[in-house]
Number of protein chains: 2
Amino acid sequence: MAKITIIGAGAMGSALVMPLTRNGNEVRLWGSPLDDEIIDALKAGENHPKHKFPLLKDVKTFYSTQMKEAIDGADIVIMAITSDALGDVFEQVVLYLQPGMIVGSVTKGFNSDHNGNIVLLPEILKERVPEVLKDKIPFVFVAGPCKAIEVLWEVPTSVTYASTNIEAAKSMQKAAMTNVYRVDVTTDVISTELCAAMKNAYCVGLGMAEGFFKREKGYLHKNTKGALFTFALSEMAILATALGGTLAPVYGLPGAGDLELTGEAGRNRMLGEAIGSGLSASQAIAKMKDEGITVEGYPAINFGYLVAKELAKQGKLQIERLPLLKGLYEILYEDAPAYKSVELLLQECTGAYS
Amino acid sequence: MAKITIIGAGAMGSALVMPLTRNGNEVRLWGSPLDDEIIDALKAGENHPKHKFPLLKDVKTFYSTQMKEAIDGADIVIMAITSDALGDVFEQVVLYLQPGMIVGSVTKGFNSDHNGNIVLLPEILKERVPEVLKDKIPFVFVAGPCKAIEVLWEVPTSVTYASTNIEAAKSMQKAAMTNVYRVDVTTDVISTELCAAMKNAYCVGLGMAEGFFKREKGYLHKNTKGALFTFALSEMAILATALGGTLAPVYGLPGAGDLELTGEAGRNRMLGEAIGSGLSASQAIAKMKDEGITVEGYPAINFGYLVAKELAKQGKLQIERLPLLKGLYEILYEDAPAYKSVELLLQECTGAYS
């Protein structure tokens, strides 16, 4: 049994309450300043406002002003904050960390580090660790096909915990793994996090193939989606290895598994569908912005392409080997026509990776 | 420009008429004894009865009695016959083959060879080549995410042509590839065909995850599907390499790509959904048999498991490394309860392949 603090009471943070509590851990859920209503509802014994589903009663809830109490004495602190706010919140969290505490993170994506470089989120966390704690806080990153609500429903789920400190990954695995929430471990953080970020980007392409159905002729484009799925995997493999990662996570739960899940439904796919059905990217993004919908895949395409160009500059990959990412960038950021671009893409991609 | 004879006027055979004709080849479509109505309709200028879609007018159609005329002078003969009838029809075809003719095949699956061993379809074809033509007939096998009707619709599609004779694969690629029907080539026939056969088997498992939604609580099981998808890929990799194949087709169009497509819709998924929603496997299979629906994934699970056990006997793999295939066998052939079995499966599979 461990004491575990979850930082962020949104969808994924609160879902983790389920397996962690089932395993008999002491679980604390800290709400960010944006989560006040969630904490209010939970304290009142109501359903979680996002999931419309109750959390297990044993969880202790904390308001944003109570971070010190929430973290005090914890064995594991799990960051479950949106990617853009992750650095800011972690700057507060480090104030309360003690040597040997494990920091987990379920947040995925890219962001700018202190030097203005686009990096994967592990870097955003690491650069905020004070000198006195350096190498004393192991990080564990969570990836794989996992919709939060299904964790609450206790649907059979398999995820990957990645850490360069395998003992830390195993400790968190031991704390979280139940009969239905299964956890694999890996030391390949780079490849795991690259996939976690890029699957959102590539999923926008899968969504376009779904959207083509809504064009004039009404033809399904499942062949196109299957091909784009394959090429997305191939490009994640190129990106992951150029960054120094291995192939196993790409073809495992963080890559293939999560891309499959993400291609089934969700906001990234929805953006792609809107574009595939005929809206220009600017129209589709403006529309989703109006509706208050944030789409992680949209910045991920830009950030992923910037990272790729930087890797190309360093001689670590050839940018021509990423025709799908380039095409997605042109569609999303230069309003290239989606259907024609995808047709051309498939011409380029077929045979490009072998 | 080449002369190309398609043997079998069913869904995939007749769909290939589209890219082959668009490329200016002389295309001949031979109907099996079961295809008489199809040939009648095409000769009358009507839609293809299966696709409800017209074929290009230039195609020459032949009844089953006209095989000699259909094959006479052909450069490429493409087998598009159901897997159970493939051997019998090919025994007729070889009577008309000339040295140097390329034989393509779009049929996928397993069958018994002359010694009673379960083998992939390339073996079924090869053992029927007369001595005098041995090594003079190169074979090319087609795989990848490709629904026939979408080829007729000219939806952007990417497939793989596999041949131990790369020049033959390239000849057929040259004959068939258009702006929208894209063709990659590989020399890895084993891995390509293993994936082509086994993706149907594993798709039944993906269908179960979809079917769980229809159980009492009405919970989606997309996490489960994403995990099963990943583990299916891992097991196809184990099977393909044990047979002597490489990993590229597994993570390429024949494996990952076609598994993604097959998991979207179709009869294999439908069988899985029926079982997932609560029917026993025997009930679900009996029901589909009553409705005249053949499900390739059902025998593929049995054949695949037999092949795996034979490989294990030969020391080429450990059967314990295939918990998903074993579980699917138990559900489909021993009426093991699907939900409980999948839950146990995921426990075993998570971490089993790394």
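## A pair within one helix

In this predicted model, B:Glu343 and B:Lys340 form a salt bridge, with N and O 3.6 Å apart. Both sit in helix H16 of chain B (residues 338-349). They are 3 residues apart there, so about one helical turn separates them.

B:Glu343 has 13% relative accessibility. That is under the 20% cut-off, so B:Glu343 counts as buried. B:Lys340, at 44%, is partly exposed.

## A network of charges

Some salt bridges share partners. One network joins A:Glu210, A:Lys214, A:Lys222, A:Lys225, A:Arg269, A:Glu273, B:Glu260 and B:Glu264.

## A pair between chains

A:Glu260 pairs with B:Lys225 in another salt bridge. Their closest N and O atoms are 3.7 Å apart. This pair crosses between chains: A:Glu260 belongs to helix H11 of chain A, and B:Lys225 to helix H10 (residues 222-242) of chain B.

Both ends are buried. A:Glu260 has a relative accessibility of 6%. For B:Lys225, the relative accessible area is 2%.

## A pair across the sequence

A:Lys108 and A:Asp258 also meet through their side chains, with a salt bridge of 3.5 Å from N to O. A:Lys108 lies in the loop between strands E5 (102-105) and E6 (110-112) of chain A, while A:Asp258 is in helix H11 (residues 253-264), so the bridge ties together parts 150 residues apart in sequence.

A:Lys108 is buried at 17% relative accessibility. A:Asp258 is buried too, at 3%.

## The overall count

How many salt bridges are there over all chains? The count comes to 38.

Key. Residues are numbered from 1 along each chain as its sequence is written. Chains are lettered from A and ligands numbered from 1 in the order in which they are written. This is a predicted model: local features need pLDDT of at least 70, side-chain atom pairs count only at pLDDT 80 or more; totals for chains, interfaces and linings use all residues. Side-chain values use heavy atoms; hydrogens and water are left out. A salt bridge is a side-chain nitrogen of Lys or Arg within 4 Å of a carboxyl oxygen of Asp or Glu. Helices (H or I, at least four residues) and strands (E, at least two) are DSSP runs, numbered from the N terminus. Buried means under 20% relative accessible area, exposed over 50%, partly exposed in between (1.4 Å probe, protein chains only).
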